[in-house]
Amino acid sequence: MNHESNIAAKWPHRFEIICNKIFQILGPEANLSQRAIADFLGTYQSKVRLWSGGQLPSAVDLETIARKCGISPTWLLTGQGEPEGRTIPDDAPRADWAAQYPVIMQAWKKYAAENKLPMSELQFAKEAGITHGKHQAWKKGQRPSSDDLEKLASVFGLHPDWLLLGMGDPRTGMDGKKAARPQKIELPESAQHLTAYQQELPPVPPLQAAMGAGKLPVMGLAPCSVQGWETGRRMAVDVERLAGLGPDAFAVLPIGDSMEPEGIREGMVCYCDPDRAPEEGDAVYVEADGRATIKIWSGDSPERAGMIRLTGWLPKRNGGKVFHVDVAKESITIIAPCVFVKRRA
């Protein structure tokens with residue numbers, strides 16, 4: 001199934017409305033800046049900068065926007081209805097993907113039966129407009145991206161209240177009414193054969209696809225602070241491949257200023273090579289449970305079996321205390337030493 005992303009195409013306009021809403025909440029004396037927006041949402045200013053440039057927030061960040069701003073999840077994901085929604089208390093439970101996934105698969109089985117489709121995982125991925133690999137990540141606990149939540153709402157009739165906030169009924173949301181589905185965008189007859197052709201192609205791993213063009217994929221944003229993790233996902237940009245990197249090398253954009261002692265500043269391109277083994281003291285990119293970060297590799301945790309230790313920078317900000325985090329080895333999907341850093345062109 002080909003699904004045109006409504007949220008991706010309309011995000012710049014929606015973000016402008018979101019900013020206006022935040023400034024209304026803050027009042028006329030508020031400083032109208034990206035820093036003010038970031039402080040209100042409890043996030044990084046660099047994220048706000050990217051959102052203002054057209055990048056979609058993660059589902060976690062979009063959920064925060066909906067909750068703190070009182071904006072309708074239906075409007076956020078599908079563009080249907082009005083922006084005004086409900087302000088959700090800070091202590092209200094957040095969406096739980098582990099509990100949502102089985103419900104979505106039940107909706108899929110009903111959809112497959114009604115449309116006389118093979119009840120397979122490959123068919124589910126095709127109907128949802130995702131790759132089979134992405135579905136496998138969902139099964140393992142990785143929450144879908146914002147545009148993928150929109151696809152689930154559109155294709156399977158699941159309510160954005162439930163998908164984004166984890167609140168209300170899966171079909172009727174918090175108000176007991178089914179959400180209107182976005183209008184289907186019809187392709188001109190001359191272009192319909194292209195969509196059919198693309199559907200028949202097997203998914204191409206993004207790393208291999210980028211290699212063929214002499215490019216490296218940029219795998220999203222990686223916060224450097226110990227507490228900071230970001231959803232690791234492929235961005236719609238590439239960078240030039242450098243000589244000497246392994247076949248699965250990729251690039252990331254670091255967030256934050258804590259890595260400046262290593263010469264890594266926010267906005268630079270950090271080249272990572274998972275074909276190299278990390279050594280103690282290396283800056284490494286790590287993905288675990290679908291989230292990404294850049295930290296100092298400290299090897300096995302000395303206190304907890306089956307865990308590796310990641311350490312942060314700039315202890316002087318914390319009274320000389322060095323922060324670290326232990327991560328279960330079985331949850332790690334990528335470990336890649338950062339081997340080269342350059343300014344973005």
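Visitor: Where does D273 lie?
Guide: This is a predicted model. Strand β5 covers 269-272 and strand β6 covers 283-288. D273 lies in the loop between β5 and β6.

Visitor: Is D273 buried or exposed?
Guide: Buried means under 20% relative accessible area. D273 has a relative accessible area of 2%. Because that value is under the cut-off, D273 counts as buried.

Visitor: Which residues does D273 touch, not counting residues up to four places away in sequence?
Guide: Contact means heavy atoms within 4.5 Å. With residues up to four places away in sequence left out, D273 touches G244, L245, G246, A249, A336, P337 and V339.

Visitor: How far is the backbone nitrogen of D275 from a polar atom of the D273 side chain?
Guide: A polar contact needs N or O atoms within 3.5 Å. The backbone nitrogen of D275 and a polar atom of the D273 side chain are separated by 3.0 Å.

Visitor: At what angle do the axes of α2 and α3 cross?
Guide: Helix α2 spans residues 34-41, and helix α3 spans residues 45-52. Their axes come within 8 Å. α2 passes α3 in a right-handed crossing. The crossing angle is roughly 115 degrees.

Visitor: How do the residues of the contact of α2 with α3 divide into nonpolar, polar and charged?
Guide: From α2 come Q34, R35, I37, A38 and L41; from α3 come Q45, V48, R49, W51 and S52. They divide into five nonpolar, three polar and two charged.

Visitor: How many residues of α4 are buried?
Guide: Helix α4 runs over residues 59-69 and is mostly covered. Among the buried ones are A59, L62, I65 and C69.

Conventions. Residues are numbered from 1 along each chain as its sequence is written. This is a predicted model: local features need pLDDT of at least 70, side-chain atom pairs count only at pLDDT 80 or more; totals for chains, interfaces and linings use all residues. Side-chain values use heavy atoms; hydrogens and water are left out. Buried means under 20% relative accessible area, exposed over 50%, partly exposed in between (1.4 Å probe, protein chains only). Helices (H or I, at least four residues) and strands (E, at least two) are DSSP runs, numbered from the N terminus. Axes are lines fitted to C-alpha atoms, for helices over the stretch in contact, and angles run from 0 to 180 degrees between N-to-C directions. A crossing is left-handed if the near helix is turned anticlockwise from the far one by less than a right angle, and right-handed if clockwise. Ala, Val, Leu, Ile, Met, Phe, Trp, Tyr, Cys and Pro count as nonpolar, Asp, Glu, Lys and Arg as charged, and the others, Gly among them, as polar. A polar contact is a pair of N or O atoms within 3.5 Å; within protein, one must be able to donate a hydrogen and the other to accept it, and residues adjacent in sequence count only if both atoms are side-chain atoms.
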